[in-house]
Amino acid sequence: MKAVLPFIAVVVFTLLALVGVSVAQGTQVFFGVIMPYAAVAVFVAGFIYRVVQWGKSPVPFCIPTTCGQQKSLPWIKHDKLENPDTTMQVVGRMLLEVLVFRSLFRNLKTELKEGKVVYGSEKFLWLAGLAFHWSFLFIFVRHYRFFVTDVPSVIKMMEGVDSFFQVGAPLFYMTDAVILAALTFLIFRRLYLAQIRYISLIADYFPLFLIFGIALSGILMRYIFKVHIVGVKQLVMGLLTFSPAIPQGVGAIFYVHLFLICVLLMYFPFSKLMHMGGVFMSPTRNMANDSRIVRHINPWNYPVHVHTYEEYENDFREKMKKAGLPVEKE
Amino acid sequence: MAKLPKPEELLKINYNPPGNEDWMERPTELKQGNFCWGAKGKNLATVEFPNARDWSPVDEDWKLPQDWEGIVLEAMADRLSKYRSFKIFMDICVRCGACADKCHFFIGGGDPKNMPVLRAELMRSVYRRYFTASGKYLGKLAGARTLDTKVLKEWWYYFYQCTECRRCSVFCPYGIDTAEITMMAREFTNLLGLNTDWISGPVANCYMKGNHLGLEPHAIMNSVEGMVDDIETITGIRINPSFNRKGAEILFVTPSGDLFADPGTFTAMGYMMLFHELGLDYTWSTYASEGGNFGLFTSNEMAKRLNSKIYAEAKRLGVKYIIGGECGHMWRVLNQYMDTWNGPADFMEVPKSPITGTVFENAASTKMIHVTEFTADLIKNNKLKLDPSRNDDLVVTYHDSCNTARGMGLLEEPRYVINSVCNKFHEMPDNTIRERTFCCGSGTGLNASENMEIRMRGGLPRANAVKHVKEQHGVNTLANICAIDRATLSASMDYWVPGTRVAGVHELVANALVMTGEKERETNLRGEPLPGKGGNE
C-alpha cells in the first residue's frame, strides 16, 4: 500500500539519527552541522530555482476563475473579492486565499440519496488544513527563541497565548496538540475515504508522516525526554554565526528532530510542498478580471493563417450578389 | 449507435472507487455512448492540420504518425515554457481531493478518472516521467509513467470527457483549473490528428464559411427571412435586418446555432424584435457569422484563427462597437482571449448605448458588450415597454453558463432582465448556480449524438437541480444565455425532467416587449397562445 513505504522511510530516518548519534560520536557533526547547512542550502536554492522556473513561463492569457459578479453597470453590485478588477482587489482575494483558504471553505460533499444528487456541507478538510498550517506557522515562529540571544517580546507573547491554559511543566502549548490532531485527521482521511485513497500517491503520505515525526519528536523533547536546552541553543547559535560547535549531552531526540527537519527542507523544493510558493503564482487566482478593460499582452502571440474576407467573398461572390448582399469587388 | 440506457439505469452510480485498485492499472475501455466519432480527413485538411486522414476511435490502429511520442513530448515541453498555468498546475497539486466530487461527469457517472484531480493526474504522471528528476529515476514510485498508446487512448477518452467548465477550479485551494490541462491535452491530440468529427467539422465550416453550421451567405439570409416572417405573423410588424452593411453603428455577432434550430431561433427573433423596437443601427455579418468558437476546443492557434473574423469584419464594415449574443464559451473567448489574440481594437469606440447614453467602461478595450448588459441597461433606464404577464404561463429558473459565470462573472445582468420580463422566477439551490453552476454536460464540442450516455450523465447535476425547483415551485422553464445550452439542455431535460422548456433570455424579453404599432398579440414567439388568450385558460 502507498502509505506503508513512506511510513517506513520516516521510521528509517528517525532510527538513523537516533542510532547514529548514540553509537558514534563523530556522527553528531554530520547530524548537527553538515546536514543543517546542506538542508538549508538545498531548500533555499531549490525553492528559488523552482519559483524562477515557473516565472520563466509567461502568462499568455488573462484567465482568472471568476467567483462572483463582474464589474459592469454602476447599479449592479460588483463582488470585488471574488471577481477583482484591480490589483488591490486581487491582493484582497489572495489574502483570503492564503490566510483563510477561501476556496477550500466552499467545499461540499456530493452524495446520491434516493435517486437525487445532494450537496452537504463539508468543512472538515478546510478546518484541518487551516489548523495544520496555522499551528505549523505558530510553532515555526515560536522557535525563533532559539535563534536569538534576547527573546523578543512578540515571541514571548505568542508563547503566552499558546500556553494560555497554564497546564503542565513545562507549560503545555496548544499548537502542539492541534498540529498532531490535524495531521492525524489528514492521514486518516487519506486512508479512510475511498476517493482520496484512490488518488493518493506515495508523495502524499510521505510529507504527512515526516511532519508528524518532526512534531512528535519536538513534543517528546519538550515534555518527556527533556534535552539539555542550553546545549541546543549553543548549537543553533554556533550554526548561525558560522562557528559550529557540538555541545555535550544534548540528547539523541534532539538530533532526530533536527534530522527530520533537514529531510523536510531537502525534500521540499522537489515536492508538492512547493504549493507554498505556487499558490501565489496561480493565474486563475492572482489576476484581475479586467481583460475587457485593458488589453492583456501575450509575449509569444504570433501571426496565424486566417481565411480573409477577400477569400470568403471570392468563394461566394455570385451567391452573395444574387442574394442582394453588398460585395467589395463586382 | 449504443442504445441510451433508461434514467433509472443511469442513476446506479457509485462514488467510491474500488478499494485497493491502483488507478494506473485500471484499463481504459472506450465505452460506446461515451465518446464521439473521429475526425474526417478532409475537415482536418481544410484547416491544414497534421495527420489528416479518416480515423475511428474504435479501430485498434489509430494511424498515428511515426514518432508520435516525440511529437507529444516536444509539444509538452513547448507548452510548459509558454503557459505558466500549465507548468504550475503540473507541479503544485497536493491531491487534497476537494475537487473530486465537483465534476458533473463524476457526479453523473462515478468513473474515478472523471475526478478532476485524477483527470489531471493522467497528464501529470507523464509530465513527471519526462520532466522531473524524481519521475525519471523513481518511475512509478514517484507517480510517473511512460507515454504509450494505452496512455494516449486514455488521454483521448477522458480529455474529450471534460467540458472545460472550470467548476473544479472554484473549489481548488490553488485555483488549479482542469480546463487549462484539458486544453493542452487537446492541443497534443490535435497534433496527432485525433480530433472528433463533431469538433473538426464545425471548425472547418467556420473557417471557410464563417460559422459552425456551414451556412452560406444566402442560407443565413433565408433563415433570418423565415424568422422575420414569423415575427410578422405574431406582431404584425415587418422588420428589415441588414447584412454586411458598411457604416452601421453596431455589428451584432451571435452563435450560428441561434439561426438554425429551435429553441435558439426564438432567441434570435428576440434580438431582432428588440433591436427593431429601439431603431438600432446595427448589421449582421455573413462572414463573421459565428460567435462561438469550436477552435477553442481544438488548439489555441485554431481558436485565434476563427476568432480573427470578428475584429476583421468590424474593421471592414467600420462599425463603432460590437454587441455579442447569448452564448457561453463565446464569452469566455471574448472576455479572456479575443483582445489578446486579435486586438487592439483601437479602430472602434468604447461602446455607448445610443438609447440611454450609458458608456460601457467595462468593455473599454475590447469594444464588445454582452447583449444582456445592453438590455439590462435599457430596462433600468425605463426604455422598454414591457408586459411581463405575457410570460405568466412560464415558471422560470435560470441556468448560469459555465463560461459566463466562471470566466466572466456575468451573473446579475441576465437575472435582472429575466425578473423584469417574467413574474414567476425561482432560483435553483445555491450550490448549483452562479460560480458553482453546473455544465449542461455537453460543452467543448461534446454535443454530438453518438455520445448521448456521457452527455446525459454530465447533464444529471443540472437536471437534478431543475427537478428540485420543479417539485418545489412548479418550474417549467429553464432560461439560459448559451446556444449550446439551448440545444443540449433540451435533450437532457427531455431525458431527466420531461416537460421542461429551454429558452434563451431574449426570447422571454421579446414575449414581454410591447412594440410600437404591434397588433394585439395572441401567441408567444413559439406560436403558443399567450396566457389568457388560449381556449382553456
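**Group meeting: the core and the A–B contact**

Okay, so let's start with the inside. The largest nonpolar core here has 228 residues, and the members that touch the most others are F259(A), I250(B), I322(B) and I418(B). Who gives the most to this core? That would be helix α11 of chain A, residues 252-267, with twelve residues. Over in chain B, domain 1 (50-194) and domain 2 (203-512) each put in at least three residues. And before I go on, keep in mind that this is a predicted model.

Let me zoom in on I322(B). Leaving out residues up to four places away in sequence, I322(B) touches I250(B), L251(B), V253(B), I310(B), A314(B), K367(B) and M368(B). There's also a second, separate core of five residues, and among them are C62(A), I63(A), M287(A) and A288(A).

Now, the contact between the chains. Chain B brings 93 residues to it and chain A brings 79. On the chain B side, the largest share is seven residues, from helix α14, residues 300-317. If you sort that side of chain B by class, you get 44 nonpolar, 25 polar and 24 charged residues.

You'll see 13 helices and two strands in chain A. Its radius of gyration is 28 Å, well over the 20 Å that the globule rule gives for 330 residues, so chain A is more spread out than a compact globule. Along the principal axes, the C-alpha atoms of chain A fill a box of roughly 100 × 50 × 45 Å. As for burial, 35% of the 330 residues of chain A count as buried. And taking the contacts in chain A with a separation of 6 or more, 63% are between residues 24 or more positions apart.

How values were computed: Residues are numbered from 1 along each chain as its sequence is written. Chains are lettered from A and ligands numbered from 1 in the order in which they are written. This is a predicted model: local features need pLDDT of at least 70, side-chain atom pairs count only at pLDDT 80 or more; totals for chains, interfaces and linings use all residues. A nonpolar core is a set of buried Ala, Val, Leu, Ile, Met, Phe, Trp, Tyr and Cys residues joined through C-beta atoms within 7 Å. A residue is buried if 20 or more other C-beta atoms lie within 10 Å of its own, exposed if 12 or fewer, and partly exposed in between; C-beta atoms are placed from the backbone. Helices (H or I, at least four residues) and strands (E, at least two) are DSSP runs, numbered from the N terminus. Domain bounds come from an automatic or database domain assignment. Two residues are in contact if their C-beta atoms, placed from the backbone, lie within 7 Å. Ala, Val, Leu, Ile, Met, Phe, Trp, Tyr, Cys and Pro count as nonpolar, Asp, Glu, Lys and Arg as charged, and the others, Gly among them, as polar. The radius of gyration is taken over C-alpha atoms; the globule rule is 2.2 Å times the number of residues to the power 0.38.
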